[in-house]
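Please read this briefing alongside the sequence and the 3D structure. It covers model confidence, charged pairs and a surface patch.

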Amino acid sequence: MGKGGALSEGVVKKIVVSYAYVAIWIFLSFTVIVYNKYILDKKMYNWPYPISLTMIHMGFCSSIAYLLVRVFKVVDPVTMSWDLYLKSVVPIGLLYSVSLWLSNSAYIYLSVSFIQMLKALMPVAVYSIGILFKKEGFNSETMANMISISIGVGIAAYGEAKFDSWGVILQLAAVAFEATRLVMIQILLTSKGITLNPITSLYYVAPCCLVFLFFPWLFVEYPLLKESSSFHFDYVVFGTNSLCAFALNLAVFLLVGKTSALTMNVAGVVKDWLLIAFSWSVIKDTVTPINLFGYGLAFLGVGYYNHAKLQALKAKEAQKKAQQEPDEEAGRLLEEREGNNNGAKRNESHN
């Protein structure tokens with residue numbers, strides 16, 4: 001009874017901790033999205049410089065990560081050669097920087113609610129790119145599900161009151177780059193047995209992003225900022241915004257590390273609905289019935305995809321457990337046999 005009670009307490013504690021991580025991630029993700037929209041939107045803070053904003057985030061994250069790794073030694077750096085860094089981290093940094101740049105740019109042209117609807121295409125992009133790089137096997141049922149998600153997003157786009165073609169192109173490109181980055185992490189890092197914790201991830205990737213963003217910034221935004229002599233750097237706005245971005249980066253890695261990527265996908269769906277509701281009720285973005293119908297269809301497709309992945313994970317774990325049991329049984333039999341042989345030898349020596 002005591003043992004069962006202790007087990008129950010452990011299970012309850014694990015569930016509470018998991019939900020806490022989910023809640024923290026949803027809150028921070030929600031805050032960063034709304035804050036970025038507020039800064040970039042011409043009708044709000046009116047600072048439409050997405051590359052500059054992303055560079056401020058990456059510069060802040062790089063500095064904090066450097067202090068935590070090199071100065072305060074909170075975590076140890078990962079042993080990584082320059083060759084491995086150039087071949088693995090640099091491509092991931094490039095994809096991440098472009099993804100952030102494009103997704104932040106989309107907030108200038110599109111509503112928060114519509115951007116979340118377009119982000120429902122992420123599983124479609126990850127699955128398609130996974131097939132392209134031979135990390136996923138083609139499955140007709142999964143592909144049919146991906147098509148249903150795409151149709152749902154297409155209906156949502158058709159019903160969008162403030163449709164902007166350039167904004168949609170930017171957001172779809174951001175989804176494609178982010179999906180490629182996720183697949184590349186599997187190919188370039190995970191397959192080589194390299195695991196980065198939240199702080200070391202930022203320590204290695206954020207400076208790389210900063211360098212890649214500098215070149216387009218120099219030609220695209222620097223001349224505009226130079227002309228805008230009225231601009232004064234607001235330390236409170238950009239400081240708190242960067243702090244939220246840093247906290248979100250930690251929360252992403254913690255959520256995946258302490259729960260699973262699947263949990264994050266499910267939490268992401270909840271966050272999207274909250275953002276759509278907030279966008280409609282507080283920011284006063286127009287959300288049409290066709291929008292909601294299309295996104296509802298895409299939502300069902302994403303939900304089914306997550307359910308199928310969960311079932312596949314359970315089947316994989318059950319198979320692993322089934323394989324371990326014969327090995328454990330064989331080990332026990334071997335120990336018994338050795339024990340019997342040793343006993344027989346001792347008896348012979350006594351005789």
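The notes below begin with confidence and then turn to side chains.

This is a predicted model, in which local features need pLDDT of at least 70 and side-chain atom pairs count only at pLDDT 80 or more, whereas totals for chains, interfaces and linings use all residues. Residues are numbered from 1 along each chain as its sequence is written, and side-chain values use heavy atoms, with hydrogens and water left out.

**Confidence**

- The protein chain has an average pLDDT of 87, and 88% of its residues score at least 70; pLDDT is the predictor's confidence in each residue, from 0 to 100.
- Confidence in the protein chain is highest in helix H2 (residues 50-71), at a mean of 95, and lowest in helix H12 (residues 289-350), at 76; helices (H or I, at least four residues) and strands (E, at least two) are DSSP runs, numbered from the N terminus.

**Salt bridges**

- Four salt bridges are found in a search of the whole structure, each defined as a side-chain nitrogen of Lys or Arg within 4 Å of a carboxyl oxygen of Asp or Glu.
- One of them joins Lys-37 to Asp-41, with the closest N and O atoms 2.7 Å apart; Lys-37 is buried at a relative accessible area of 4%, and Asp-41 is buried at 10% (buried means under 20% relative accessible area, exposed over 50%, partly exposed in between, with a 1.4 Å probe and protein chains only).
- Within helix H7 (residues 165-189), Arg-181 and Glu-178 lie three residues apart, about one turn of the helix, and their side chains meet in a salt bridge at 2.7 Å, N to O; Arg-181 is buried at 12% relative accessibility, and Glu-178 is buried at 15%.
- In helix H3 (residues 82-109), Asp-83 and Lys-87 are four residues apart, about one turn of the helix, and form a salt bridge at 3.4 Å, N to O; Asp-83 is partly exposed at 46%, whereas Lys-87 is exposed at 52%.

**Nonpolar surface patch**

- Val-211, Phe-214, Phe-215, Leu-218, Phe-219, Val-220 and Tyr-222 make a nonpolar surface patch of about 670 Å². Patches are made of residues with over 30% relative accessible area and no salt bridge, like charges being joined within 9 Å and nonpolar side chains (Val, Leu, Ile, Met, Phe, Trp, Tyr) within 5 Å.
- Helix H8 (residues 198-220) gives the most to this patch, with six residues; Leu-218 is found in helix H8 and is partly exposed at 31% relative accessibility.

How values were computed:
Areas by Shrake-Rupley, 256 points an atom, 1.4 Å probe, with all protein chains shown as cover.
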